[in-house]
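Here are my notes on the two-chain model you passed along. Have a look at it first, then read on.

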Amino acid sequence: MRFACLAFGLILSLGAPATAQEIEDHRFFPGTSDRVLRVVSTTDLDVFEPYIRAFQAERPEVAVDYSVMSSSVLHQAIRDGAQADLVISSAMDLQFQLVNDGFALPYRSDQTDALPDWARWRDLIFAFTTEPAVVVINTARFAGLELPTTRQDLIAALRDNPDRFQDGLGTYDVRDSGLGYLFATQEDRSTDAYWRLNEVMGRLRTSFYCCSSQMIDDVASGRLALAYNVLGSYAAEELARGSEGRVQVIRMQDFANVILRTVFIPAGAQETLLAGMMVDMLLRLALRETPDGWPLPPLSQTVEGPSLGFGPIKLGPALLTYLDPLNRRAFLAEWENAMEQRPPLPQ
Amino acid sequence: MIQTASIGQRLTLLLAGVAAALSVLSWGMVTSLAAQAAARTQDNVLAASATTIAETLRSEQGEVRLELPYAAFAMLGAISEDRVFYRVIAADEVLTGYDDLPAPATSEIGQVVFDTGQYRGAEIRMSSVTRLVLAGMERVAVTVSVAQTRDGVDAVTSDISRLAGLLSVAFFFVAVALSAIAARLSLRPLNLIAASVSRRGPSDLRPLLRAAPADLAPLLDALNRLMERLRLSIRRSEDFIAEAAHRVRTPLATVRTQAEIALRTVSDEAEKERLRRIIRAVDESARSAGQLLDHATVAYRVEDLARDRLDLSDLARQTAAALEPTAAMRDIQFTLDLTPAPIRGDAVLLDSAIRNVLDNAIKYSPEDTTVSLQIVLDAAQARLRVRDQGTGLGDGPMDVLTERFRRGGNVAGVVGSGLGLTIAAEVLRAHGGRLELENCENGSGACVSLVLPLV
């Protein structure tokens, strides 16, 4: 498939199924029988572990094999026929493309019927969280400055204090991170401030990251003053709370992307029944009234946030637009132009 | 009578059949129109999407470039949740998209063409448009194809089809109900005619002169002609009887006269007795002939009944006076207890009725007794009660005594035709009244009441 190669040769250094190196984390949760539910996911193991425990509390006989990989690796692995019973990812566009291209099995239950229309596409893919993109700042590095609440404020603050923020900014490397690319392209679509911000960030020698957690860590340690477009799941908020005010999570008031973490049963699934039960459990939690106790937010919470004003990114064929290799090449070229106005940092 | 299926049922079934056929037809038509409309909607959006993409084609440094617009796919997502595939081919080389999409039909530049085919296990609809782009010095034909699965179209079609099906079934049941009502309504005139025919009295043979639908006119005509023939036939036989009676009466009178002359001239007692017997027999015959004539007259006059203002007491008095000589022959006296009773009717017929009743009373009374005539009025009717002191009417049912030629069970030794009470009853019925027969309360004698409505 030339199309797939074109598209993902750019994302991956290797267009091959996920190798051992590409699997970032893996754990086998043994069950009392030899039935195994294989889950491939972009969600960190410690974040998702409570869900697996809850599932096994209901079905102790089922073992769960949980693998964590980056969204693009995950996407390519499924495309290449990797064996899995459930696919979970926050990169909506890549998930949608897999489903559109016929890599998902339909699943229908009372739980999927209970989902709002925007949280599912056909009977193939289901959203179980809504998570906004946020800005995480180190309070100490912002001492004496007013905290920015809009992109205009942020651009002004960065422009006015180049010394303070030089080498102190971080964001996703959209070339490697599927989620980062999704955030970037959706922001491009939604606000013209995005490119001006990129220009400014490029001049201040922004560092690029693969994952939210590392960015948050670096903000907490003070290596970064600000991380832009971090996935604002509970992990970030938790860390901000535990940092005694050193780290703060800010939602941009002018516009903030909200992504849906989605799940689908891949076409090659063996344990479709168990996969369906896991989907039902996730959706039940997604529609829960009180958000407490679980690492990931439910569906309803962020959607109603009055300051956001925008709904979550829509699951639909429009997500295919920026995955088109030509569009992607053009977007990345522009992004690199904006960001790389300096010699690359030694990494 | 052999009964076949009722017209109403047949009509209802027929109309129900038509309704069923129309229901199925309309369901089919709505379904096919819905399918067409849904397919056309999808075609339009696909064409718009392909055209939107084609609009972004441009050349840069001798190469064909394009930027897929977000809207091109967003519009496809807006109409249905169908899977989307696309491909852009420039000069026979795939520029981007799903390179294994089926090839589009060849078309002229700038014209949108549609294909239906299979792709990745699903039926797809594909729209393609070709545009010329100037790349360097060359003109390159670039074909943009956008395809979508057809689940949305099928879902819309089956939704509308189901709705149309439900509506058709409802329509069918309403149509059947209306058919039943229509069948009943259209058979109503027929039932009305049947009812009015069966409501008629036994001797009412007047033509039916009611408004009837054109379809029933032949039936009504035939019925009226049949009744006219029947009436004429009855009239003819009554005529015949009257004529016969009349012809018999004249020679009988002659015989009687001659017998009376003979009675005066002979002196032998045995011969006298024989002649008296002849005279009595001739009298009875004349009386029977008279009654036959009376009956025929009644049949005649009842057909076109006069409605004159009359007083029942006058009639009774006159008739009693006329019969006085006959009664006197047997030493029977009339006692009259009459009050004026205004009625409407035919004097000749009523006289005939009263006469026959009185005649009977005289005939069945022993000599030297009294026959009483009494008029009793109540709110709506006058009752002329004739009471004799004879043997009464016997124990049998009273109704049969008014049948023609039927005589009571205890009349042995008394000559009679059995027509008297028949005539009286027919006359009274024609006047809207009735003849009541009973044995007198005190146990001896008959009590005959002529009941007539008061004016």
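1. Starting with surface: chain A has an accessible surface of about 13500 Å², and 51% of that belongs to carbon and sulfur atoms. Areas here come from the Shrake-Rupley method with a 1.4 Å probe, and for residues only the protein chains shown count as cover.

2. A word on ground rules. This is a predicted model, so to speak of local features pLDDT has to be at least 70, and side-chain atom pairs count only at pLDDT 80 or more, while totals for chains, interfaces and linings use all residues. Residues are numbered from 1 along each chain as its sequence is written, chains are lettered from A and ligands numbered from 1 in the order written, and side-chain values use heavy atoms, without hydrogens and water.

3. Chain A carries 14 helices and twelve strands (DSSP runs: H or I of at least four residues, E of at least two, numbered from the N terminus). Of its 347 residues, 59% are buried, meaning under 20% relative accessible area with a 1.4 Å probe, protein chains only.

4. Contacts (heavy atoms within 4.5 Å) in chain A: taking residues at least 6 apart in sequence, 81% join residues at least 24 apart.

5. Now chain B, with eight helices and 14 strands. Its radius of gyration is 51 Å, well over the 23 Å from the globule rule for 455 residues, so chain B is more spread out than a compact globule. That radius is over C-alpha atoms, and the rule is 2.2 Å times the number of residues to the power 0.38. Along the principal axes, the C-alpha atoms fill a box of roughly 170 × 45 × 35 Å.

6. In chain B, 39% of the 455 residues count as buried.

Definitions and conventions: Buried means under 20% relative accessible area, exposed over 50%, partly exposed in between (1.4 Å probe, protein chains only).
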